[in-house]
Amino acid sequence: MLLHLFPQFFVSGITNGSIYSLIALGYCLIQNATGLVNFVQGDFVMIGALLTITLYQVAGLPMPLAFLLAIAAVALLGVALERGPIRHSRNRDLLSLVIITIGASISFRGSAMLVWGKNAHTLPPLGGDSPIFFLNAAILPQSLWILGLSLTILGLLYLFFHFTLVGKAMRAAADNPFGAVLVGISVRRIVALAFALSGALGAIGGILITPITSMSYDAGVMLGLKGFTAAVL
């Protein structure tokens, strides 16, 4: 009986794991650049999804455009978080900065509840909702989109960090911030870029998972915790 169900469990695990990996990458980008654990990451997931829902269902924008605008908006939100309370904190020790991210997370959730309410919202699945059957597993087209986009993003990030000057500068700043400054790298800009990429990755994960699980103002908490577990691994 368990062997019969294994293909379905495998597909579900790969689908969820792909989302958690995107969230985990957001944690790792900021942690590598600053040493900070950003507990707003789950809220980036939630805000990205809910913004896409608003742009698509309320504003009537095409799905690809709503997708891109939501990602850009959350990326800017990440930069605003870094350039606002985090950069201007009087106490720069890591514990104080972590507490700032927790406070920002609470503020984002409260604001989201006021804007979108307490009800769960959803998006139509990409590619329709007719499953593809393979080895006793029902594979939704949305799962294929999640897996394909996750692998594409991982590949693009690898190329970015290893074959572009900005990516190499981010690695240098993460490895040795003082040495990076000595060779002319603006560590502040690198940190802001890390927050922008983190926000964008969180938004992508939220948008992709919403057609399967729906999204509400407080759903980012559990997604963020699971993504943090993946980041630790």
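Let's start with Thr-52: leaving aside neighbours within four places in sequence, this residue is in contact with Met-63, Ala-66, Phe-67, Ala-70, Leu-123 and Ile-207, where contact means heavy atoms within 4.5 Å. Quick word on what we're looking at: this is a predicted model, where local features need pLDDT of at least 70, side-chain atom pairs count only at pLDDT 80 or more, and totals for chains, interfaces and linings use all residues. Residues are numbered from 1 along each chain as its sequence is written, and side-chain values use heavy atoms, with hydrogens and water left out.

Okay, back to Thr-52. Is it buried or exposed? Thr-52 is buried, at a relative accessible area of 0%. Buried is under 20% relative accessible area, exposed is over 50%, and partly exposed is in between, using a 1.4 Å probe and protein chains only. Thr-52 sits in helix α2. Helices here are DSSP runs of H or I with at least four residues, strands are runs of E with at least two, and they're numbered from the N terminus.

So who does α2 pack with? Helix α2, residues 41-58, packs with α8 at an angle of about 55°, and their axes are 7 Å apart. Two packed helices are described by the angle between their axes and the distance between the axes. The axes are lines fitted to C-alpha atoms, for helices over the stretch in contact, and the angles run from 0 to 180 degrees between N-to-C directions. α2 and α8 are therefore oblique to each other. For angles, under 35 degrees is roughly parallel, over 145 roughly antiparallel, 65 to 115 roughly perpendicular, and the rest oblique.

On the α2 side, the residues that meet α8 include Phe-44, Gly-48 and Thr-52, and on the α8 side they include Gly-202, Gly-206 and Ile-207. By class, that contact has 6 nonpolar, 9 polar and no charged residues. Nonpolar covers Ala, Val, Leu, Ile, Met, Phe, Trp, Tyr, Cys and Pro; charged covers Asp, Glu, Lys and Arg; the others, Gly among them, are polar.

Next, α6 against α8. These two pack at an angle of about 105°, with axes 10 Å apart. That makes α6 roughly perpendicular to α8. Val-166, Ala-169, Met-170 and Ala-173 in α6 meet Val-187, Ile-190, Leu-193, Ala-194 and Leu-197 in α8. How many of the residues in this contact are nonpolar, polar and charged? There are 9 nonpolar, no polar and no charged.

Staying with α6, residues 165-175: Gly-167, Ala-169, Met-170 and Ala-173 are buried. Seen down the axis, the buried residues of α6 fall within an arc of 160°, so they line one face of the helix. That arc is taken from the directions from the helix axis to the C-beta atoms. The face turned away from the buried side carries the exposed residues Leu-165 and Asp-175. Covering the buried residues of α6 are, among others, α5, α7 and α8.

One more pair: α3 (residues 63-86) and α4 (residues 94-116) have axes that come within 11 Å and cross at roughly 130°. That makes α3 oblique to α4. Their contact splits into 8 nonpolar, 1 polar and no charged residues.

Last, a couple of single residues. Ser-214, in the loop between α8 and α9, has a positive phi of about 70° although it isn't a glycine. At 27% relative accessibility, Ser-214 counts as partly exposed. Leu-5 lies in helix α1, and its C-alpha atom is separated by 9.7 Å from that of Leu-135, 130 residues apart along the chain.
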